[in-house]
Structures are given as structure tokens and as C-alpha cells.
Amino acid sequence: FYILEGRLDEAKALIAKLKKKAAKYGCGEISIEVGQLEPTSRWVKVFDKEIEVKTLHCLVTVHGEAPRVGEHTLVARITHEGGTFFIDTVPGLEADHRFRDGGKQCEHCRSDRQRKDLFIVEQNGEQIQVGRSCLRDYLGIDDPKRVIRKFQWLKEIRELEEYGYSEHSDDEELLPELLAIGCAAERQFTFVSKSLHDKLYDQADLAMDRGEKPAHVPQATSWRVNDALHPEDIKGNQPHDIERRKDAYDLYNSVNDDDKAKANQVTEWVRAELNGDNDYIFNLNQAYASYYVLRKRLALALSAIGSFNHDRRIKAERTKQQDEYAASVHVGAIKERLRGIGGVVKFRKVVSESQWGAVELIKILTDDGNLLNWFTGSAGDDFDLGNKVMFDGTVKNHDSYKGIAQTIITRVKSLSA
């Protein structure tokens with residue numbers, strides 16, 4: 001983690017607490033390294049002018065293993081919050097999907113009652129769900145609260161970020177309000193996920209290491225929304241503090257009816273259309289099950305805007321392809337050699353890889369409006385996306401996908417100059 005000089009004292013105080021917790025709750029071999037202050041610079045845009053902002057950062061590195069409970073490894077904590085629940089997994093581990101049913105039964109005592117916290121632990125590849133009151137009998141621990149504190153310590157480490165740490169993380173936000181502000185931020189600045197911001201920031205750091213001027217790193221949308229919802233948290237009276245507060249108020253007051261309408265669309269999309277079998281989609285559905293979202297889940301809730309945009313782009317492209325390929329019919333007979341076929345490469349992507357190399361799928365729309373599919377590991381530059389091509393090929397099969405006739409070809413020979 002890179003900590004700003006202005007927050008170094010705060011970070012050091014937090015780290016000291018975390019080290020004591022690590023020792024007190026038996027977290028094993030854990031070490032925390034606090035480096036020296038290092039000057040860094042970043043180019044930012046202020047009133048359409050690029051300026052260089054110089055700051056001092058300190059690199060903080062944390063080393064450790066996943067918390068263990070007795071002979072078991074702690075995999076995740078299930079927290080029930082306001083009628084829904086979230087599964088917070090230890091980085092690098094994954095909880096079995098069966099725990100997503102929301103059941104509150106302890107698999108040790110088999111009792112099913114109201115519980116705020118459950119713990120998924122693993123031994124020899126087998127995962128079980130255990131309530132707090134059974135931890136001592138089942139895992140040989142005198143104080144079950146130690147397990148909770150172990151996991152809280154881990155989460156605090158994960159939240160130790162330059163801007164991510166917040167003492168107000170348990171406040172509740174209105175889902176429609178934060179989404180509408182997020183849509184307003186997207187309209188004015190484009191949507192930037194925190195993961196994208198972190199990626200661009202790392203790229204900027206590498207550029208500076210090479211002595212190059214780094215590209216501008218846009219602010220994450222979740223940070224803009226958090227400022228707009230809580231401008232009172234922006235302390236200080238330096239020019240940049242005043243400007244940041246002004247931006248926060250301006251963003252909040254800029255929300256219009258279109259932003260509110262899109263917020264409703266995102267909400268309905270998550271609740272009615274979003275499907276998938278991973279922890280992100282599961283937790284996103286959990287966050288949208290209520291009218292309120294905990295502040296610590298703000299970035300998760302806002303990430304749905306980016307996912308919604310991506311989904312709409314894909315569906316629009318599919319609709320465009322459906323229209324473009326609607327007239328396609330099967331070409332030739334099986335094993336027939338087609339000669340002098342002209343067309344445009346509409347799609348090219350690696351679809352599988354093995355020890356023998358990669359296999360690409362190339363889709364060609366012929367001049368007659370027919371769709372040809374070619375699976376190959378040896379296509380040249382002639383068949384790059386968007387190229388006009390002329391070729392010979394042999395019909396391997398006739399297929400259809402979502403009502404579109406597709407001819408599978410093989411033994412393709414380019415005739416392009």
C-alpha cells in the first residue's frame with residue numbers, strides 16, 4: 001500500500017494496532033514493513049491544464065497467511081446485514097456455492113436460529129459452516145470471539161489504502177440516491193471503477209520509474225460519489241480541499257431526471273437480469289436486495305453501473321449482428337471446394353489454447369451476405385479484423401446459431417494480394 005505523507009501518522013497508529021491484534025489473536029507469521037518516505041509526482045488536469053503535483057508517499061508492505069482456527073483454515077465470514085447477507089472471503093480462497101442459500105444452521109450442532117455471523121472453515125478440502133457458540137467445542141478454542149477478531153484484522157489490512165480507509169464505513173446510504181449520483185458522475189466524467197483506477201495508477205508508477213511522463217489517472221467514480229454524499233468528511237482549508245468540497249456539492253446538485261432514470265434501469269437490471277455463478281454477482285445481488293446499502297459496500301453497488309453499460313454494449317452488438325447476418329444462408333455442399341470467395345473479416349478471437357498452440361475463430365461475412373466460420377491455428381495477417389479478403393476454402397459443415405445460418409469452412413487459402 002502507498003500511504004500519503006499527510007496520512008502517515010494515522011496509518012502508523014492503525015498499523016500498530018493491527019500488529020498487536022496479530023500477536024494477541026494468534027495470526028501466525030505476520031510481518032509489516034514500513035518503508036521510507038519517497039518523493040513522487042503525478043500529472044493531473046485542473047481547469048483543462050495539466051499540472052505536476054509532487055507528494056511524498058511511504059510504501060507499507062504486509063506479509064502473512066490466511067487465519068487458521070484450530071486445525072482449520074478460515075475461508076470466509078458470512079455476515080447477515082439488514083435482511084440480507086454477504087460472503088467475505090479470504091483473498092485467494094473461495095467458498096463453496098452451497099453457502100449462498102442464506103441458511104443460518106450451524107453444521108456442528110445442527111441448530112437453526114438467528115445469527116449475525118457464521119464462519120466457513122476448511123480442513124482437508126472439506127468446508128463447513130459454524131456458528132460462534134460452537135467454535136470452542138468443535139475447534140478447541142476457548143474464546144470464539146478470537147475468530148471474529150482474526151477476520152476483522154484481515155479485513156482492516158485489506159482496507160488500508162491511500163483513500164479507502166474510512167471510519168464511517170458502517171453508515172447506510174440510500175441505494176437510489178447513490179446510484180443517481182453515480183450516473184451523474186458517469187455522465188460528466190465517464191465511469192471509472194476502482195479496479196481500473198488502481199490499474200492505471202500502477203501503469204503511471206511504472207512510467208515514472210522509466211523517467212516518462214505518466215498518463216492522467218482519472219478519479220474512481222466511487223470516490224466522487226462518496227465525496228458528494230459526505231462533503232463534511234473533506235477536512236482542511238487548503239485550496240485543493242476547498243476545490244474538492246465544491247466539486248462534491250456541484251456533483252450532488254447536478255443530478256437530473258435522466259440520471260435518476262438510469263439509476264432505476266441499473267437497479268431493475270441487477271434484480272431481474274443479472275445472472276452468474278461467481279462471488280461478485282452474488283454479493284451484488286445481495287447489495288441490491290434492500291433499499292439501503294452500507295457505506296462500505298458503496299463501491300460494490302456502484303460497480304453495477306459499469307456492468308450494466310457493458311451488458312448493454314454486448315446486447316447492442318448482438319442485435320447489430322443479428323440484423324447484419326439475417327440474410328445469411330448455407331453455402332455449398334459438404335466437402336465442396338469454394339473458390340474465389342470475397343468478404344470482410346467481422347470477428348477474430350482465440351477460443352482455445354493447448355500445448356499444440358492457440359485456435360482462433362474467424363468469422364467472415366461474404367459479399368453475398370453469408371456467414372462463414374473458420375477455426376484455425378495458422379491464419380495470417382490477411383485475416384485481421386476488418387480486412388477485405390479473397391480466398392478458397394472447403395465446406396466442413398452447415399450450422400446455425402440463434403437462427404443465423406453459418407457455414408463452417410476449413411483448408412482456407414488466401415488469395416489476397
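So, helix H10 gives the largest share of the lining of the second largest pocket, 6 residues. That helix covers 298-325, and helices here are DSSP runs of H or I with at least four residues, strands are DSSP runs of E with at least two, both numbered from the N terminus. Before I go on: this is a predicted model, where local features need pLDDT of at least 70, side-chain atom pairs count only at pLDDT 80 or more, and totals for chains, interfaces and linings use all residues. Residues are numbered from 1 along each chain as its sequence is written, and side-chain values use heavy atoms, with hydrogens and water left out.

Okay, back to the pocket. How many residues line the second largest pocket? There are 17, and Arg318, Gln321, Tyr325, Lys363 and Tyr401 lie nearest its centre. Besides H10, strands S11 (337-354), S12 (357-366), S13 (371-376) and S15 (404-414) each supply at least two lining residues. The volume is about 500 Å³, meaning the space filled by probe spheres set on the grid points, which are joined across faces, edges and corners. And a pocket? On a 1 Å grid over the protein atoms alone, it's an open set of points with protein on both sides within 12 Å along at least five of seven lines, and lining residues have an atom within 4 Å of a point.

A salt bridge is a side-chain nitrogen of Lys or Arg within 4 Å of a carboxyl oxygen of Asp or Glu, and the structure holds 18 of them. Take Lys315: its side chain meets that of Glu273 in a salt bridge, 2.8 Å from N to O. Lys315 lies in helix H10 and Glu273 in the loop between H8 (257-272) and H9 (279-287), so this pair ties together parts 42 residues apart in sequence.

Which other residue does Lys315 form a salt bridge with? That's Asp311, with the closest N and O atoms 3.3 Å apart.

Is Asp311 buried or exposed? Buried, with a relative accessible area of 18%; the cut-offs are under 20% for buried, over 50% for exposed, and partly exposed in between, with a 1.4 Å probe and protein chains only. Lys315, at 33%, is partly exposed, and so is Glu273, at 37%.

One more charged pair: Asp384 and Arg348 form a salt bridge, with the closest N and O atoms 3.1 Å apart. It links distant parts of the chain, 36 residues apart: Asp384 sits in the loop between S13 and S14 (388-401), Arg348 in S11.

Now for the strands. S7 (residues 117-123) and S8 run antiparallel, joined by 6 bridges; strands pair if DSSP finds at least two bridges between them. Val121 stands opposite Ile128 in S8. The hairpin has 2 residues between the strands, and Asn124 takes a positive phi near 55 degrees there. Strand S8 (residues 126-131) is mostly covered, with 5 of its 6 residues buried.

Last stop, strand S9 (residues 172-174), where we find Leu174. Leu174 is partly exposed, at 31% relative accessible area.

Definitions and conventions:
1 Å grid on protein atoms, 1.4 Å probe; cavity = no way out; pocket = protein on both sides within 12 Å on 5 of 7 lines; lining within 4 Å.
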